[in-house]
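This briefing covers selected helices, cores and contacts of one structure. The sequence and structure come next, followed by points grouped by topic.

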Amino acid sequence: MRIKNLIFLILPIFFFTACSTKRPVLNEQITEDKLPSLKVEKRAGNSDELSLILTFSGGGTRAASLSYGFLKELKRHNLLKEVDVISSVSGGSFTSAYYGLYGDKIFEDFEHKFLKKAIQTRIIDTFTNPFNWFYLSFSNRSDYIANYYEKEIFGKKTFGDLRKDGPKIIINATDISTGNPFAFSPDNFHRICSDWENYPIGRAVTASSAVPVLFSPITLKNYAGCKAIDEEKENKNLLNYNGKQSLDLKKYQDKEKFQYLHLVDGGIVDNLGIRSLLDIVAHYNNDFNKVMDVFGIPNSKKVALIVINAADSLNPKIAKEKQSPDIETMMGAVSTIQFKRYNTDTLDLVSYYFDLWEKQVNKKRCGNENCKAIEFYLIELNFNQLPKDKAMKFGLTQTSLELPSSRVDEIINAAGKLLNNSKSFNRLLNDIKK
């Protein structure tokens, strides 16, 4: 979202933020005997040969378009049925949530329902219209956005409406009350003794994409009354930092100190959507055998993590001008640098764990760590893998909830080229055919 647009959005916010009095819409409490199972049943038609785990990054409509184009290309390769998990952040969450609810229908109406719709213009017009300021002063801004998303994109759908024959959908946000990443998943809702199945998809996507200050957080209540999920006290298979991050989830057991969760954009802690997957594995003692069993893929021979990274690029004008960059360019550069460095560390972490998990599965299946009973593939797709002119064009495309239709089409087409030109993906295709 460009700064010049944000100025018009921020000014009225300062007038009505402090006096907002309407209580936020909260999650529902659930009883211990009604908690959903954390185990996913194996889907009909899903082979043991291959399991695909996808992550969709943040980046507004740019990210939503790239992830959508990727799904289209997977369909062309007849591989959508092999997708078992999709973990998404911010802009990518619009695509994952819609696909999780409606399946192949996404290829019929998602473009005109979201990708090519003037959503940002509608939001800005509402927030900057003085006739709406009185109403907004008594309302939660993100509640308004969530209601809009429900009406225009997702319908009144909840996590319980996700397709039973579809992949597991994990939508990621950031909890600013604890500093933790927060995934909208059955296990996390168990931690806060809340009804995951009845929670609206539109509100989860709102939280995942709620840019701090511009949008108010989505609030969840941390209820008491459910048995705490056992967290590992010490795990020698985890790196120290990763282990600490996963154990931070124990904070939600303190119902008095952490009574509420306040959720904003998931990209603050992980713009790739990978860390929540690592937290899930950490919860199961970093034993990938247990994770495959819980996810309904206990016999998979090949597991591919495909990362759809719609990260933007540094503006080359910065290095060519003596004058200091303006505030828009500077803010964009700061976020780009942070994301790039953290993303690189995250991908390195995945590579480290792949080696460990492969040995675990091999040892269990045949008693030999080197028996090749399973193989992992890390496939990352980003704009820098395109020709230089295209990479710069898409990398400098603004992070917003509205793009010209022509740019959306270009990004969708770029997704197919990225996938088909990927050496790692082509190696996977060749290995499947053997």
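R76 is a residue of helix α2 (residues 60–76); helices here are DSSP runs of H or I with at least four residues, numbered from the N terminus. The model is predicted, so local features need pLDDT of at least 70 and side-chain atom pairs count only at pLDDT 80 or more, while totals for chains, interfaces and linings use all residues. Residues are numbered from 1 along each chain as its sequence is written, and side-chain values use heavy atoms, with hydrogens and water left out.

**R76**
- R76 is exposed, at a relative accessible area of 57% (exposed means over 50%, buried under 20%, partly exposed in between, with a 1.4 Å probe and protein chains only).
- The C-alpha atoms of R76 and G416 lie 9.6 Å apart in space, although the two are 340 residues apart in sequence.

**Helices α3 and α9**
- The axes of α3 (residues 91–102) and α9 (residues 201–208) come within 10 Å and cross at roughly 160 degrees (axes are lines fitted to C-alpha atoms, for helices over the stretch in contact, and angles run from 0 to 180 degrees between N-to-C directions).
- That angle makes α3 roughly antiparallel to α9, a term for angles over 145 degrees.
- S93, F94, A97 and L101 of α3 meet I201, V205 and S208 of α9, where contact means heavy atoms within 4.5 Å.
- Eight of the eight residues of α9 are buried, so α9 is largely enclosed by the rest of the structure.
- Among these buried residues are R203 and T206.

**Nonpolar cores**
- The largest nonpolar core has 78 residues, and those with the most contacts inside it are L52, L54, F70, L74, Y149, F154 and F184 (a core is a set of buried Ala, Val, Leu, Ile, Met, Phe, Trp, Tyr and Cys residues joined through side-chain atoms within 4.5 Å).
- Apart from that core lies another, of 29 residues, including Y284, L305, V307 and I374.
- Leaving aside neighbours within four places in sequence, Y149 is in contact with F94, I119, I123, F154, G155, G202, T206, S209 and L401.

**S276**
- S276 sits in helix α11 (residues 275–283) and is buried, with a relative accessible area of 9%.
- Its side chain makes a polar contact with the side chain of S87 at 3.3 Å (a pair of N or O atoms within 3.5 Å; within protein, one must be able to donate a hydrogen and the other to accept it, and residues adjacent in sequence count only if both atoms are side-chain atoms).
- Beyond neighbours within four places in sequence, the contacts of S276 are S87, I170, N172, A183 and D270.

Conventions
Helices (H or I, at least four residues) and strands (E, at least two) are DSSP runs, numbered from the N terminus. Angles under 35 degrees count as roughly parallel, over 145 as roughly antiparallel, 65 to 115 as roughly perpendicular and the rest as oblique.
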